[in-house]
Amino acid sequence: MFRYFIVALVVLGLDQATKWLVVRNMNLFQTIPLWEGVFHITSHRNRGAAFGILQNQQWLFIVITIVVVSGITYYLLQLKASQPLMSWSLALILGGSIGNLIDRVRLGEVVDFLDFRLIQYPIFNVADSAIVVGVGIMIFLTIRQPSEKEDSLTTKEAGDSQ
């Protein structure tokens with residue numbers, strides 16, 4: 001079970017280390033093309049949520065993130081090892097959420113730097129990536145798993161046919 005918290009800590013550490021490198025070594029809005037026109041490292045700050053919505057609502061984001069982090073931690077402790085894929089997804093979301101929370105509390109904004117220009121995607125960071133992957137796994141598991149109602153109907157139908 002603790003391996004999921006270790007994954008969250010690794011995500012958090014990688015996120016904070018990469019943000020620190022960007023803040024320490026780049027000027028705001030400076031860009032370093034790694035693949036010209038496709039992928040750049042661009043020093044950017046976001047005072048809003050995903051895609052820059054709800055700018056300057058830091059207290060709202062801090063409170064919501066604390067609630068989410070608390071809920072994820074509780075749920076991870078309840079799951080133990082019973083649902084490993086769901087636990088992996090929660091661990092990724094937990095690490096990413098704490099990474100962005102630290103930025104909001106410490107800096108009043110989130111440090112972003114991964115800039116995919118080929119598809120004109122908003123600039124993001126390691127924490128955002130972990131959250132998106134974690135939510136993607138969660139959505140996949142939710143779609144893949146039949147609901148309890150469907151599952152009980154299938155079990156009942158199988159019993160009736162015998």
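Colleague: At what angle do H1 and helix H3 pack, and how far apart are their axes?

Modeller: In this predicted model, H1 and helix H3 (residues 84-107) pack at an angle of about 35 degrees, and their axes are 8 Å apart. Axes are lines fitted to C-alpha atoms, for helices over the stretch in contact, and angles run from 0 to 180 degrees between N-to-C directions. Contact means heavy atoms within 4.5 Å.

Colleague: Is the crossing of H1 and H3 left-handed or right-handed?

Modeller: The crossing of H1 and H3 is right-handed. That term applies if the near helix is turned clockwise from the far one by less than a right angle, and left-handed if anticlockwise.

Colleague: Which residue classes make up the contact of H1 with H3?

Modeller: The contact of H1 with H3 has 13 nonpolar residues, six polar and five charged. Here Ala, Val, Leu, Ile, Met, Phe, Trp, Tyr, Cys and Pro count as nonpolar, Asp, Glu, Lys and Arg as charged, and the others, Gly among them, as polar.

Colleague: What are the ground rules for the model?

Modeller: Local features need pLDDT of at least 70 and side-chain atom pairs count only at pLDDT 80 or more, while totals for chains, interfaces and linings use all residues. Residues are numbered from 1 along each chain as its sequence is written, and side-chain values use heavy atoms, with hydrogens and water left out.

Colleague: How many helices and strands does the chain have?

Modeller: The protein chain has five helices and three strands, in the pattern α-β-β-α-α-β-α-α along the sequence. Helices (H or I, at least four residues) and strands (E, at least two) are DSSP runs, numbered from the N terminus.

Colleague: In what order do the strands form the sheet?

Modeller: The three strands form an open sheet in the order E1-E2-E3, with antiparallel pairing. Strand E1 (31-35) and strand E3 (110-116) are the edge strands, each pairing on one side only. The twist averages 30 degrees from one strand to the next.

Colleague: Over how many bridges do E2 and E3 pair?

Modeller: Strand E2 (residues 39-46) and E3 pair over six bridges; two strands pair if DSSP finds at least two bridges between them. Asp-115 in E3 is the bridge partner of His-40.

Colleague: Where does H3 lie relative to the strands?

Modeller: H3 lies across E2 and E3, and runs at about 130 degrees to E3. Helix H3 also holds Leu-107, whose C-alpha atom is separated by 9.6 Å from that of Arg-47, 60 residues apart along the chain.

Colleague: Why does Leu-107 count as partly exposed?

Modeller: Leu-107 is partly exposed because its relative accessible area is 34%. Buried means under 20% relative accessible area, exposed over 50%, and partly exposed in between (1.4 Å probe, protein chains only).

Colleague: What is the phi of Gln-120?

Modeller: Gln-120 has a positive phi of about 50 degrees although it is not a glycine. Gln-120 is placed in the loop between E3 and helix H4 (126-144), and is exposed, with a relative accessible area of 67%.
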